[in-house]
Amino acid sequence: MAFGDVVSTANEGNVGSFASLTVELGSTATSGNLLVSTATWDKNAGTPTCRDTSGSGDFWTVQYVESSDSMSSSAIAWKISDGDETECFWAWSNNEDLYVTITEYEGDFNASPEDEVATAFDVDAVDRLDIG
């Protein structure tokens with residue numbers, strides 16, 4: 001596998017009208033990998049939250065969007081894995097049907113770009129540049 005490849009993924013569809021849901025990843029995430037979860041609701045779900053497990057664990061960063069007519073809404077949540085996550089727990093304020101996914105992407109997303117190897121090279125100077 002390579003940087004950015006999908007390590008594991010899971011989804012829950014046709015979930016009944018609830019105000020929370022836990023989605024199992026199926027394995028323990030690797031530290032430094034990117035975890036992404038998406039959720040799509042029937043109607044306005046209210047502002048949702050996502051975290052490692054129900055009642056505990058880190059909160060994930062969430063971006064929520066509601067349609068202008070309040071007939072649907074969706075969210076994406078993400079975090080860099082600590083290496084102990086096996087699931088994500090979504091909670092929202094209005095009981096609505098939804099479809100939710102969770103995906104783990106390979107790569108050390110904790111690494112700073114400053115830590116990456118770069119190659120530089122010299123180019124001979126020119127005194128003339130023809131265009132067209």
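The entries below take the aromatic contacts and then the charged ones.

**Basis.** I am working with a predicted model, in which local features need pLDDT of at least 70 and side-chain atom pairs count only at pLDDT 80 or more, while totals for chains, interfaces and linings use all residues. Residues are numbered from 1 along each chain as its sequence is written, and side-chain values use heavy atoms, with hydrogens and water left out.

**Aromatic rings.** I looked up the aromatic pairs and found 3 in the structure; rings of Phe, Tyr and Trp (its six-membered ring) pair if their centres lie within 6.5 Å, with planes under 30 degrees apart counted as stacked, over 60 as edge-to-face and the rest as tilted. Trp41 and Trp90 make one of these pairs, edge-to-face, at 5.8 Å centre to centre and with 80° between the planes. Trp41 belongs to strand β2 (residues 34–42) and Trp90 to strand β7 (residues 87–105), so this pair ties together parts 49 residues apart in sequence; strands are DSSP runs (E, at least two residues), numbered from the N terminus.

I then checked burial, where buried means under 20% relative accessible area, exposed over 50% and partly exposed in between (1.4 Å probe, protein chains only). Trp41 is buried at 2%, and Trp90 is buried at 0%.

**Charged side chains.** My search of the whole structure gave 5 salt bridges, each a side-chain nitrogen of Lys or Arg within 4 Å of a carboxyl oxygen of Asp or Glu. I followed Lys79, which meets Asp52 in a salt bridge at 3.2 Å, N to O. That pair links distant parts of the chain, with Lys79 in strand β6 (residues 72–80) and Asp52 in strand β3 (residues 49–53), 27 residues apart, and both residues are buried.

Lys79 forms a salt bridge with Asp58 too, with the closest N and O atoms 3.1 Å apart; here strand β6 is linked to strand β4 (residues 56–59), the two residues being 21 apart. Lys79 has 8% relative accessibility, whereas Asp58 is partly exposed at 35%. I also recorded a salt bridge from Lys79 to Asp82 at 3.3 Å between the closest N and O atoms, with Asp82 partly exposed at 45%. Asp52, Asp58, Lys79, Asp82 and Glu85 are linked in a network of salt bridges.

Terms used. Helices (H or I, at least four residues) and strands (E, at least two) are DSSP runs, numbered from the N terminus.
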